[in-house]
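Here is a short briefing to keep beside the model as you look around. Take it topic by topic, with the viewer open.

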Amino acid sequence: MSSVLYDAQGPRAKRRNILFNVLFLVALAAVLWWVFSALDEKGQLDWVKWEPFFTGTEAWTTYIWPGLQNTLLAAALSVVIALPLGAVLGIARLSDHAWVRVPVGVVVEFFRSIPVLVLMIFGLALFSEYSNVSSDDRPLYAVVTGLVLYNASVLAEIVRAGILALPKGQAEGAMAIGLRKGQVMRLILLPQAVTTMLPAIVSQLVVIVKDTALGGAVLTFSELLSAANTMSSYYGANTIASFTVVAAIFIAINFALTSFASWLERRLRRAKKSSGAVLKADDSQIAGAAGTGTGGSI
Amino acid sequence: MFDFLQDYDLLGAFWTTVQLTVLSAVGSLIWGTMLAAMRVGPVPLMRGFGTAYVNIVRNIPLTVIILFTSLGLNQTLNITMGAKDFETINFRLAVLGLILYTAAFVCEALRSGINTVPVGQAEAARAIGLSFSQVLRLVVLPQAFRSSVVPLANVLIALTKNTTVAAAIGVAEAALVMKEMIENEAQLLLIAGVIAFGFVVLTLPTGLILGWVGKKVAVKR
């Protein structure tokens with residue numbers, strides 16, 4: 001294994017590498033041993049604490065599955081609402097008319113620079129004061145509101161960057177054969193931009209799934225993270241076990257989405273059917289084009 | 001109409017937000033650089049560790065990590081981070097959680113910066129006999145840092161916004177004070193406006209200034 005940063009290893013470098021490997025292994029093992037003994041001392045590794053997840057289905061059907069359902073429901077609702085909204089905002093930001101472009105730009109930049117949690121807290125208060133949504137449903141509404149406001153503006157930037165990444169000749173050619181502005185966008189630019197943007201959109205899904213957990217921690221939304229809390233009090237303070245299981249589920253979902261995004265990116269790059277560049281799954285470069293940062297896919 | 005603001009330590013709350021941001025930014029820059037060095041290095045075990053760390057940490061919600069530092073590390077394992085009172089403990093735990101989480105993204109931003117350094121740079125450095133750590137320290141990383149200013153700025157902005165998650169473990173920063181204010185006062189839109197304004201003031205200049213700096217220091221190729 002060699003890379004551009006270092007030479008193919010000779011005998012001395014190989015010996016040194018083995019030494020580094022061993023040293024690192026020892027350091028890692030020491031940390032793991034420290035963690036293990038700390039957990040063991042507090043009795044967090046006792047079988048009783050982990051049993052609910054491995055024997056019987058009660059923990060899964062009573063706590064985890066309903067929590068996961070709410071997490072996925074909030075994420076799905078947010079995407080379904082934010083995607084068209086983001087597309088409209090993104091296209092509006094490219095408008096030829098300053099009276100459309102400028103206000104939309106201000107709105108998008110505004111919502112991108114505010115934390116999702118602030119938007120969610122605002123949403124919760126908004127629904128409890130100005131609507132008759134029942135107090136059971138309010139956290140879900142608030143979470144979805146916050147996620148939609150934030151992610152619609154992030155998606156707007158993705159759409160804008162996707163359209164801008166297309167070669168100029170596409171729009172020029174379309175106008176040359178006499179299409180109108182709306183037709184150019186609808187028939188020529190958007191279809192190509194959609195394939196370009198897909199990886200970035202899929203990795204934005206990861207952000208949405210992760211952010212639903214905020215609702216559980218601050219807004220009493222009964223999603224997966226709050227399920228961990230409930231479980232750890234119900235099964236006798238098995239905090240470590242519950243959090244491990246919940247974190248593993250989040251990792252599984254998001255890792256699948258991330259891998260799907262990079263697979264899409266590779267595939268689209270290889271296919272080269274769309275003439276534009278493929279937006280990276282990690283959308284930091286999009287933010288770079290925008291002047292102010294989105295904070296990308298964090 | 002702004003009278004009620006005096007009942008709350010709004011400036012103090014935003015000061016806490018700034019403190020969380022700065023401390024976590026410094027910490028995650030250091031840890032993230034180390035992770036990036038591990039990921040591009042010649043030692044297979046370190047490379048594996050770096051890759052596994054980044055893939056695991058960036059797929060866990062920050063909220064889970066922050067809540068775990070409080071419920072898991074503090075309340076279960078009695079880790080106090082060398083502090084005595086509840087407030088300092090939670091503040092330090094929040095910083096720890098933010099560092100652990102953000103470092104994964106710093107690592108990725110730096111790695112994308114390393115990828116922009118032309119192959120010839122590293123090849124020339126190797127050709128004059130520099131070792132891996134010299135290649136990285138003297139030739140590649142200085143250039144990589146300069147071209148990753150903009151991605152790093154995005155991470156910093158995201159970090160500023162992510163500090164609100166510390167509200168989940170009771171650190172008195174902007175979002176928690178906002179929640180408190182909304183529960184006690186009637187002027188919802190005004191409160192939200194003030195808090196939103198605070199975050200716009202914190203994040204917008206960061207983006208603009210660092211975007212300008214990024215253009216300025218980028219290696220012209």
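The notes below go from the overall build of the chains to their interface and then to single residues.

This is a predicted model. Chain A has eleven helices and zero strands, and 61 residues of chain B are in contact with 53 residues of chain A. The largest nonpolar core counts 145 residues.

**Chain A overall**

- Along the sequence, chain A reads α-α-α-α-α-α-α-α-α-α-α.
- Chain A splits into domain 1, residues 1-41, and domain 2, residues 47-290; the centres of these two domains, taken over C-alpha atoms, are 38 Å apart.
- Chain A has 298 residues, and 46% of them count as buried.
- Among the contacts in chain A with a separation of 6 or more, 72% join residues 24 or more positions apart.

**The annotated regions**

- An unreviewed UniProt entry gives "domain: ABC transmembrane type-1" for residues 68-261 of chain A. Over that stretch the chain is 84% helix and 0% strand, with its end C-alpha atoms 22 Å apart.
- For chain B, the UniProt annotation "domain: ABC transmembrane type-1", also from an unreviewed entry, covers residues 14-210. Here the chain is 81% helix and 0% strand, and the end C-alpha atoms are 21 Å apart.

**Where the chains meet**

- On the chain B side, 61 residues are in contact with 53 residues of chain A. The helices of chain B that each supply at least two residues to this side include α2 (44-57), α4 (86-116) and α9 (188-217).
- Which helix gives the most to the side of chain B that touches chain A? That is α9(B), with eleven residues.
- By class, this side of chain B is made up of 44 nonpolar, twelve polar and five charged residues.
- A:V118 and B:V64 have the most contacts inside the largest nonpolar core. Beyond residues up to four places away in sequence, A:V118 touches B:T164, B:A175, B:M178, B:I195, B:A196 and B:F199.

**A closer look at α9 of chain B**

- The 30 residues of α9(B) should span 44 Å at 1.5 Å a residue, and the end C-alpha atoms are 43 Å apart, so the two values agree.
- Buried residues of α9(B) include B:I195, B:A196 and B:F199, which are also among the residues that A:V118 touches.
- The cover over the buried residues of α9(B) includes α5 (116-130) of chain A, along with α7 and α8 of chain B.

- A:A217 sits in helix α8 (residues 181-218) of chain A. Is A:A217 buried or exposed? A:A217 counts as buried because 23 C-beta neighbours lie inside 10 Å, and the cut-off for buried is 20 or more.
- Leaving aside neighbours within four places in sequence, A:A217 is in contact with A:L225, B:T63, B:L67 and B:A168.
- A:A217 and A:N229 are twelve residues apart in sequence, and their C-alpha atoms are 9.2 Å apart in space.
- A:T220 is in the loop between α8 and α9 (224-234) of chain A. A:T220 is not a glycine, yet has a positive phi of about 55 degrees.
- With 13 C-beta neighbours inside 10 Å, A:T220 counts as partly exposed.

**A loop residue in chain B**

- B:N78 is found in the loop between α3 and α4 of chain B, and has a positive phi of about 55 degrees although it is not a glycine.
- B:N78 counts as exposed because 10 C-beta neighbours lie inside 10 Å, where the cut-off for exposed is 12 or fewer.

Technical notes: Residues are numbered from 1 along each chain as its sequence is written. Chains are lettered from A and ligands numbered from 1 in the order in which they are written. This is a predicted model: local features need pLDDT of at least 70, side-chain atom pairs count only at pLDDT 80 or more; totals for chains, interfaces and linings use all residues. Domain bounds come from an automatic or database domain assignment. A nonpolar core is a set of buried Ala, Val, Leu, Ile, Met, Phe, Trp, Tyr and Cys residues joined through C-beta atoms within 7 Å. Two residues are in contact if their C-beta atoms, placed from the backbone, lie within 7 Å. Helices (H or I, at least four residues) and strands (E, at least two) are DSSP runs, numbered from the N terminus. UniProt positions are given in the numbering used here, feature names are shortened, and annotations may be inferred rather than shown by experiment. Ala, Val, Leu, Ile, Met, Phe, Trp, Tyr, Cys and Pro count as nonpolar, Asp, Glu, Lys and Arg as charged, and the others, Gly among them, as polar. The expected span of a helix is 1.5 Å times one less than its number of residues.
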